Amino acid sequence: VASVPILPPGFLYLLRNSAIGPQLPGKRAFNLRFLNLESERLIELTQQSIDSGQPVWFAADISADADRQTGVLFPDLYDRDSIYDLRRLERSKPLDRFDEFYFGITTPNHAMAITGYDKPRPDEPVTKFKVENSWGDKSGEKGIYHLYREWFHEYVFEIIVHKDLLRDDERSMWRGRPEEISAYEL
């Protein structure tokens, strides 16, 4: 399941010859089939997967708003405006997720696993997720990162969950014929 901002949500896509695989000796690229959904739905599926006892593989842009020492993943983690005096150079409108993805400013560049979440009250949404990273125990809190919901919306682009977690309409789409796209369309 993905949340690719430059593709319409609610459709099944097939990306032929992805970048996954060919960097390994003797391997060819994989075709990727994904259901494109809104990021809020990815959050719901992630929570459901954790509740069912299954961790969630995900891909995100780990280069943005991430503190590798503390493991905090939160938008606006750094005060860039006052440091670089960006107020003087303020644009009429900051780039949104669509534009940042379209111009290649943000893109999934690292994969990790979500193994838990923090939900202070049962009637409120998840506030942050527990992430296990592969960079060893010297990164984050002994390899653990704290991914806040706001960061998820901005920088998480793909998750893998079991198809049984999909709603009936989503499973029906999954069984359908995908629209083929090329890497150039991403």
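Helices here are DSSP runs of H or I with at least four residues, numbered from the N terminus. The model is predicted. By that assignment the protein chain has five helices and ten strands, and Phe152 belongs to helix 4, residues 149–155. Of the 186 residues of the chain, 38% count as buried.

**Chain totals**

- Among contacts in the protein chain with a separation of 6 or more, 65% are between residues 24 or more positions apart.
- The chain exposes about 11,500 Å², and carbon and sulfur atoms supply 52% of that area.

- Seven strands make up an open sheet with mixed pairing, in the order 4-5-8-7-6-3-9.
- Strand 4 (66–67) and strand 9 are the edge strands, each pairing on one side only.
- Ala66 has Leu73 in strand 5 as its bridge partner.
- Strand 3 (residues 56–60) is joined to strand 6 (residues 110–118) by five bridges, and the two run antiparallel.
- Within that pairing, Phe58 stands opposite Met112 of strand 6.
- Strand 3 is also joined to strand 9 (residues 156–160), here by four bridges and again in an antiparallel arrangement.
- On the strand 9 side, Trp57 is placed opposite Ile160.
- Strand 3 is largely enclosed by the rest of the structure, because four of its five residues are buried.
- In a regular strand, side chains alternate between the two faces of the sheet.

- Leaving out residues up to four places away in sequence, Phe152 touches Ser39, Leu42, Ile43, Thr46, Ile114, Phe129, Leu147 and Ile159.
- One of these, Leu42, is 110 residues from Phe152 along the chain, while the two C-alpha atoms are separated by 9.1 Å.
- Ile114, also touched by Phe152, falls within the residue range of strand 6, 110–118.
- Ile159, another residue touched by Phe152, falls within the range of strand 9, 156–160.

**Asn36 in strand 2**

- Asn36 lies in strand 2, which covers residues 32–36.
- With a relative accessible area of 1%, Asn36 is buried.
- A polar atom of the Asn36 side chain lies 2.9 Å from the backbone oxygen of Leu7.
- Apart from neighbours within four places in sequence, Asn36 is in contact with Ala2, Ser3, Val4, Leu7, Pro8, Pro9, Gly10, Phe11 and Tyr13.

**Aromatic pairs and a charge over a ring**

- The chain has eight aromatic pairs.
- One of them is Phe74 with Tyr148, an edge-to-face pair at 5.3 Å centre to centre and 85 degrees between the planes.
- This pair links distant parts of the chain, 74 residues apart: Phe74 is in the loop between strand 5 (72–73) and helix 2 (80–84), and Tyr148 is in strand 8, residues 144–148.
- Phe74 is partly exposed at 30% relative accessible area, and Tyr148 is partly exposed at 25%.
- Trp135 and Tyr145 also form an edge-to-face pair, with 6.3 Å centre to centre and 75 degrees between the planes.
- Trp135 lies in the loop between strand 7 (128–132) and strand 8, and Tyr145 lies in strand 8, ten residues apart.
- Trp135 counts as partly exposed at 31% relative accessibility, whereas Tyr145 is buried at 0%.
- Phe98, Tyr102 and Phe103 form one aromatic cluster.
- Arg33 lies over the face of Trp174, 5.0 Å from the ring centre.

Notes:
Residues are numbered from 1 along each chain as its sequence is written. This is a predicted model: local features need pLDDT of at least 70, side-chain atom pairs count only at pLDDT 80 or more; totals for chains, interfaces and linings use all residues. Side-chain values use heavy atoms; hydrogens and water are left out. Contact means heavy atoms within 4.5 Å. Buried means under 20% relative accessible area, exposed over 50%, partly exposed in between (1.4 Å probe, protein chains only). A polar contact is a pair of N or O atoms within 3.5 Å; within protein, one must be able to donate a hydrogen and the other to accept it, and residues adjacent in sequence count only if both atoms are side-chain atoms. Rings of Phe, Tyr and Trp (its six-membered ring) pair if their centres lie within 6.5 Å; planes under 30 degrees apart count as stacked, over 60 as edge-to-face and the rest as tilted. A charge sits over a ring if NZ of Lys or CZ of Arg is within 6 Å of the ring centre and within 35 degrees of the ring normal. Accessible areas come from the Shrake-Rupley method with a 1.4 Å probe; for residues, only the protein chains shown count as cover. Two strands pair if DSSP finds at least two bridges between them.
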